[in-house]
Amino acid sequence: MRLLLFGAPGVGKGTQAKLLSSKFNIPHISTGDILRQAVKEGTELGKKAQEIMSRGDLVPDEIMIGIIKYRLNKSDCDSGFILDGFPRTEEQARELDNLLDEMNLTGIKLIHIFADEEEIVKRLNNRRACKECGSIFTLSEINGKDSCPNCNAKDSFYLRDDDKEEVIRKRMEIFRKTTEPVLKYYEKKGKVYVVDGLGSIQDVHNKILKSVNA
Ligand SMILES: [Zn+2]
């Protein structure tokens, strides 16, 4: 199972990645994480990336692809992987294709967890976090309560910046603009599986399994 996981902010992509990872016993590879890992391990590419980032520049594709290659070559990727956060441009998609060809890795599928923007805004705007323990609740879960069900802190609920409407809309717009060309690229190759991101976590998980015939 070799998957590219896409989803707008707020569709629960991270949660779904975790479920898929444990279901198929394959690693969830977030490009942010492996980049940090490479820097920490002090690999040749990690050192280069660090130098570039310390200047405030973006890590070039060539280095990013090298770091992904290094990661995909590890034995825990033998039965597959979930790649998250890459590719972000059509050029990166082409380079990833070349890498996968070179490594003889076939059958990659792109899962796009999709949800209507208005629904996402509504959903996130309906969340409250506890400033003491960080737990997240829906308004209906804490309706009439003045203390956190998890840690009992009093009057600790607040709307996180990330859940505010204007922030969500801005992040979604960036997501749409950057991923559209990538989605088109994979659509042309018939590799995109769109999954409805509304519904319970388990529902969405089941829909993903169904769409990839697992
Ligand atoms: Zn709490």
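Is Leu19 buried, partly exposed or exposed? Leu19 counts as partly exposed, because its relative accessibility is 27% (buried means under 20% relative accessible area, exposed over 50%, and partly exposed in between, with a 1.4 Å probe and protein chains only). This is a predicted model, in which local features need pLDDT of at least 70 and side-chain atom pairs count only at pLDDT 80 or more, while totals for chains, interfaces and linings use all residues. Residues are numbered from 1 along each chain as its sequence is written, and side-chain values use heavy atoms, with hydrogens and water left out.

**The chain as a whole**

- The protein chain has 8 helices and 8 strands (helices, H or I with at least four residues, and strands, E with at least two, are DSSP runs numbered from the N terminus).
- Its C-alpha trace spans about 60 × 40 × 30 Å along the principal axes.
- Of the 214 residues in the protein chain, 41% count as buried.
- Among contacts with a separation of 6 or more, 70% come from residues 24 or more positions apart (contact means heavy atoms within 4.5 Å).

**The zinc site**

- Which residues are the protein donors of the zinc ion? They are Cys130, Cys133, Cys148 and Cys151, each through SG, lying 2.3 Å from the ion (donors are N, O and S atoms within 2.8 Å of the metal, or 3.2 Å for Na, K and Ca; water is not among the atoms, so sites may look incomplete).
- The arrangement is tetrahedral because the 4 donor atoms subtend angles of 108 to 110 degrees around the zinc ion (four donors count as tetrahedral if all angles lie between 85 and 135 degrees).
- Along the chain, the donors follow the spacing C-x2-C-x14-C-x2-C.
- Cys133 is partly exposed at 33% relative accessibility, whereas Cys148 is buried at 1%.

- Leu19 has its place in helix H1.
- Leaving aside neighbours within four places in sequence, Leu19 is in contact with Ile201 and His205.
- Leu19 and Glu117 are 98 residues apart in sequence and 24 Å apart in space, C-alpha to C-alpha.
- In helix H8 (residues 201–211), the buried residues are Val204, His205, Ile208, Leu209 and Ser211.
- These residues lie on the same side of H8, because they cover an arc of only 170 degrees around the axis (the arc is that of the directions from the helix axis to the C-beta atoms).
- The buried residues of H8 pack against helix H1 (13–24), strand E4 (108–114) and strand E8 (192–196).
- Just after H8, Asn213 takes a positive phi of about 60 degrees.

**Leu83 in strand E3**

- Leu83 is found in strand E3 (residues 81–84), and with a relative accessible area of 0% this residue is buried.
- Not counting residues up to four places away in sequence, Leu83 touches Leu3, Leu4, Leu5, Ile29, Thr31 and Leu96.
- Leu83 and Leu5 are 78 residues apart in sequence, with 6.2 Å between them in space, C-alpha to C-alpha.

**The largest pocket**

- About 1000 Å³ of space lies in the largest pocket (on a 1 Å grid over the protein atoms alone, a pocket is an open set of points where a 1.4 Å probe fits, with protein on both sides within 12 Å along at least five of seven lines; lining residues have an atom within 4 Å of a point).
- The lining has 38 residues, and those nearest the pocket's centre are Pro9, Gly10, Val11, Gly12 and Lys13.
- Strand E1 (2–7), H1, helix H6 (117–125), E6, helix H7 (165–188) and H8 are the elements that give two or more residues to this lining.
- H7 supplies the largest share of the lining, 5 residues.

**Backbone details in the loops**

- A cis peptide bond joins Phe86 and Pro87, with omega about -5 degrees, and Pro87 lies in the loop between E3 and helix H5 (90–102).
- Asn104, in the loop between H5 and E4, has a positive phi near 60 degrees and is exposed, with a relative accessible area of 65%.
- Asn152, in the loop between E6 and E7, has a positive phi near 70 degrees and counts as exposed at 60% relative accessibility.

Methods. Four donors count as tetrahedral if all angles lie between 85 and 135 degrees; four count as square planar and six as octahedral if opposite donors are over 155 degrees apart and all others between 65 and 115; anything else is irregular. Grid points are joined across faces, edges and corners, and a volume is the space filled by probe spheres set on the points.
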